[in-house]
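Please look through the model below with these notes beside it. They are meant for a first reading and go point by point.

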Amino acid sequence: MKKADVIVVGAGPSGLRTAARLAGAGLEVRVLEKKPRVGACVLCTGIVGREVFDDFGLDRSPIVEELRRVRLVSPFATELIYEHPRPFACVVDRERFDGALAGSVAAAGAEIVCNTRVEDIDVRPDGVEVSVKDEAGAVRREGAAVAVLATGVDFGLQKKLGLSSPRDFLKGAQVECSFPGADMTTLFFGRDIAPGAFAWSVPAGDGRARIGLLTRKDPKACLRRLLDRSFDGVRITAEQSGIRTKPVAQGLLAKTSGDRVLAVGEAAGQTKTTTGGGISYGLACADLAADVIRECFDRSSFGPAGLAAYERRWKALLQKEILVGQCTRRMCARLSDGRIESLFQLARTDGIVPIIRDMADFDRHSGLIFALLQRLSFMKFFRDVKDRLGPMSLS
Ligand SMILES: Cc1cc2nc3c(=O)[nH]c(=O)nc-3n(C[C@H](O)[C@H](O)[C@H](O)COP(=O)(O)OP(=O)(O)OC[C@H]3O[C@@H](n4cnc5c(N)ncnc54)[C@H](O)[C@@H]3O)c2cc1C
């Protein structure tokens with residue numbers, strides 16, 4: 001049986017970052033990925049805050065666009081254009097982004113084994129054992145001292161091990177296509193467009209755009225309807241067959257570490273509850289996971305108490321963002337189209353643009369949310385919604 005110090009299940013950004021950090025610290029790491037190659041067929045718009053590249057020392061070559069201007073469109077076609085003083089986010093090619101992370105894993109000396117699905121996992125007193133199935137259907141076992149579950153929205157292994165899995169999901173749908181005007185970033189709001197969340201068109205380089213949405217239900221039907229409307233006078237019908245869907249995990253998970261295992265990235269619910277973005281949270285938590293695992297190796301102790309430090313650290317970083325974001329999104333999901341329109345009018349007339357300019361942080365939204373709620377008109381607006389629709393709960 002092959003043995004390593006750490007097995008990382010899943011070669012998305014979170015798993016790859018964890019593996020690179022651990023291998024860089026001298027541990028023997030194997031990354032097991034069920035897809036045929038890293039970054040294959042990822043469904044993602046690929047937007048990350050601009051700071052991510054400096055904060056994590058990442059290769060900038062996967063960047064295909066920088067975003068500075070956003071157009072917001074209300075259910076009644078009112079438009080607001082927000083222009084930031086400088087680019088605030090980048091759009092990446094996810095295959096190349098994940099590929100660059102894989103390069104850093106290989107450079108640190110870890111092995112990534114693709115076409116290898118982890119089917120089962122057992123925790124024993126002296127280590128973890130995983131059953132893996134390769135492309136040809138052959139099953140073998142591999143062992144390690146610790147396993148990191150970085151499986152995205154695939155929660156089977158962590159359920160088996162008694163770790164938490166999300167109860168709340170949004171459903172995402174997206175298609176990539178080219179049309180005149182594809183270089184404009186646009187967000188669409190409205191109950192008919194994306195009930196429960198929002199839709200977008202984001203430039204993807206070379207005159208192409210990623211058009212997608214998050215919604216509570218029927219993401220494909222919602223996206224078809226959006227494409228049937230028009231994009232600056234152009235109807236997008238040909239690409240409708242290319243629509244793909246995927247859930248996005250939402251909400252704070254109670255238990256993301258246990259005996260010799262921990263979950264990282266979307267597998268641990270580390271996604272923004274406002275927008276569904278998960279790359280930067282996954283990278284930040286991967287660093288925390290790697291630190292805690294290294295400390296466990298220093299002590300040669302891999303029990304639940306040692307790994308619980310990971311849970312404490314990532315929640316100290318993100319718990320507030322996840323809870324405030326979830327509450328805000330749920331509140332916004334209850335707004336009628338008329339109320340969304342009133343919000344647009346408020347935003348237009350009430351001088352909130354300077355607040356956005358000062359407070360907006362691409363990855364941490366609670367500061368801006370609190371700043372807006374301190375504004376009398378917004379506080380009154382949401383108090384009125386609460387009075388009419390009843391109080392909100394997160395359960
Ligand atoms: C439509 C849409 C648009 C999005 N846009 C953005 C965006 O613009 N910005 C952003 O930050 N986020 C975005 N997201 C979310 C983002 O894609 C995820 O948060 C991010 O990919 C999570 O990274 P991860 O490494 O945790 O998981 P993943 O990237 O999902 O990687 C998990 C990996 O584990 C592998 N795996 C799973 N189970 C097993 C197994 N049993 N054995 C072996 N391998 C396994 C999978 O094949 C996969 O490669 C979007 C999501 C959707 C659906």
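**Notes on the predicted model**

1. The protein is assigned domain 1 (2-45 + 94-166 + 251-324), domain 2 (65-92 + 168-249) and domain 3 (334-389); such bounds come from an automatic or database domain assignment. This is a predicted model, in which local features need pLDDT of at least 70 and side-chain atom pairs count only at pLDDT 80 or more, while totals for chains, interfaces and linings use all residues. Residues are numbered from 1 along each chain as its sequence is written, and side-chain values use heavy atoms, with hydrogens and water left out.

2. How far apart do the C-alpha centres of domain 1 and domain 2 lie? The separation is 30 Å. In domain 1, 16 residues are in contact with 16 residues of domain 2, where contact means heavy atoms within 4.5 Å.

3. Helices (H or I, at least four residues) and strands (E, at least two) are DSSP runs, numbered from the N terminus. Seven strands make an open sheet with mixed pairing, in the order 6-5-13-14-15-12-16; two strands pair if DSSP finds at least two bridges between them. Strand 6 (79-83) and strand 16 (244-250) are at the edges with a single partner strand each, so one side of each has no neighbour in the sheet. On average, neighbouring strands of this sheet are turned by 25° against each other, direction ignored. Axes are lines fitted to C-alpha atoms, for helices over the stretch in contact, and angles run from 0 to 180 degrees between N-to-C directions.

4. Within this sheet, strand 5 (residues 69-73) and strand 13 (residues 185-188) are joined in the parallel sense by four bridges. Leu72 has Leu187 of strand 13 as its bridge partner. Helix 7 (residues 304-333) packs on the sheet and touches strand 12 and strand 16, with its direction at about 75° to that of strand 12. Helix 5 (residues 219-228) lies across strand 12, strand 13, strand 14 (199-205), strand 15 (208-215) and strand 16, and runs at about 135° to strand 15.

5. Another open sheet has three strands in the order 3-7-4, with antiparallel pairing. Which strands stand at the edges? They are strand 3 (47-49) and strand 4 (63-67), each with a single partner strand, so one side of each is left without a neighbour in the sheet. Neighbouring strands here are turned by 30° against each other on average, direction ignored. Strand 4 and strand 7 (residues 89-92) run antiparallel and are joined by four bridges; Glu66 has Cys90 of strand 7 as its bridge partner.

6. The second largest pocket has a volume of about 270 Å³. Of its 17 lining residues, Val42, Cys44, Glu176, Arg210 and Arg244 are the closest to its centre. On a 1 Å grid over the protein atoms alone, a pocket is an open set of points where a 1.4 Å probe fits, with protein on both sides within 12 Å along at least five of seven lines; lining residues have an atom within 4 Å of a point. Grid points are joined across faces, edges and corners, and a volume is the space filled by probe spheres set on the points.

7. Strand 12 gives the most to the lining of this pocket, with three residues. The lining draws at least three residues from each of domain 1 and domain 2.

8. Ala284 is in helix 6 (residues 279-299). Leaving out residues up to four places away in sequence, Ala284 touches Phe56 and Leu317.
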